[in-house]
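These are my notebook entries on a structure that I had not looked at before.

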Amino acid sequence: MITVRGRTPLRAADVTGDDIRAATALVLAALAADGTSTVRGLYHLRRGYGELLTKLSLLGAELTTEQECP
């Protein structure tokens, strides 16, 4: 379980992760946000954390992916 506390609730957005750390952080933030987010740049995430999306899905995260060109 993750609890996120901050001054402003996170809202859905269309974002791009420019490296592995940014893409991973954006996916995690999107999971905590209200609404549906689009995260681009997931090829960075797949390089180092190839099974992360599968594992998050197994934990109950609602994820859909589409093929993306780098």
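Which residues is His-44 in contact with, leaving aside its neighbours within four places in sequence? I found Gly-17, Asp-18, Asp-19 and Ile-20, where contact stands for heavy atoms within 4.5 Å.

Before going further I noted that this is a predicted model, in which local features need pLDDT of at least 70 and side-chain atom pairs count only at pLDDT 80 or more, while totals for chains, interfaces and linings use all residues. I also noted that residues are numbered from 1 along each chain as its sequence is written, and that side-chain values use heavy atoms, with hydrogens and water left out.

**Entry on His-44.** I placed His-44 in helix α2, reading helices (H or I, at least four residues) and strands (E, at least two) as DSSP runs numbered from the N terminus. His-44 counts as buried because its relative accessibility is 15%; the word buried means under 20% relative accessible area, exposed means over 50%, and partly exposed lies in between, with a 1.4 Å probe and protein chains only.

**Entry on the salt bridge.** Asp-19, which is among the contacts of His-44, has a side chain that meets that of Arg-21 in a salt bridge at 3.7 Å, N to O. The rule asks for a side-chain nitrogen of Lys or Arg within 4 Å of a carboxyl oxygen of Asp or Glu, and by this rule I count 1 salt bridge. Asp-19 is partly exposed, at a relative accessible area of 28%, whereas Arg-21 is exposed, at 60%.

**Entry on helix α1.** I then turned to α1, which covers residues 20–32. Its 13 residues reach 19 Å from the first C-alpha to the last, close to the 18 Å expected at 1.5 Å a residue, the expected span being 1.5 Å times one less than the number of residues. In α1 I found Ile-20, Ala-23, Thr-24, Val-27 and Ala-30 to be buried. They cover an arc of only 125° around the axis, which puts them on the same side of α1; the arc is that of the directions from the helix axis to the C-beta atoms. An α-helix has 3.6 residues a turn, so residues three or four places apart point the same way. The buried residues of α1 pack against β2 (38–40), α2 (42–48) and α3 (52–58).

**Entry on Thr-24.** What does Thr-24 touch, apart from neighbours within four places in sequence? I found Leu-45, Tyr-49 and Leu-52, and Thr-24 is buried, with a relative accessible area of 13%.

**Entry on Arg-46.** Arg-46 belongs to helix α2 and is partly exposed, at a relative accessible area of 37%. Although Arg-46 and Thr-24 are 22 residues apart in sequence, I read 9.4 Å between them, C-alpha to C-alpha. Beyond four places in sequence, Arg-46 touches Leu-53 and Thr-65.

**Entry on Arg-40.** Arg-40 is in strand β2 and, at 40% relative accessibility, counts as partly exposed. Not counting residues up to four places away in sequence, Arg-40 touches Asp-14, Val-15, Thr-16, Gly-17 and Glu-68. The C-alpha atoms of Arg-40 and Thr-65, 25 residues apart along the chain, are separated by 9.9 Å.
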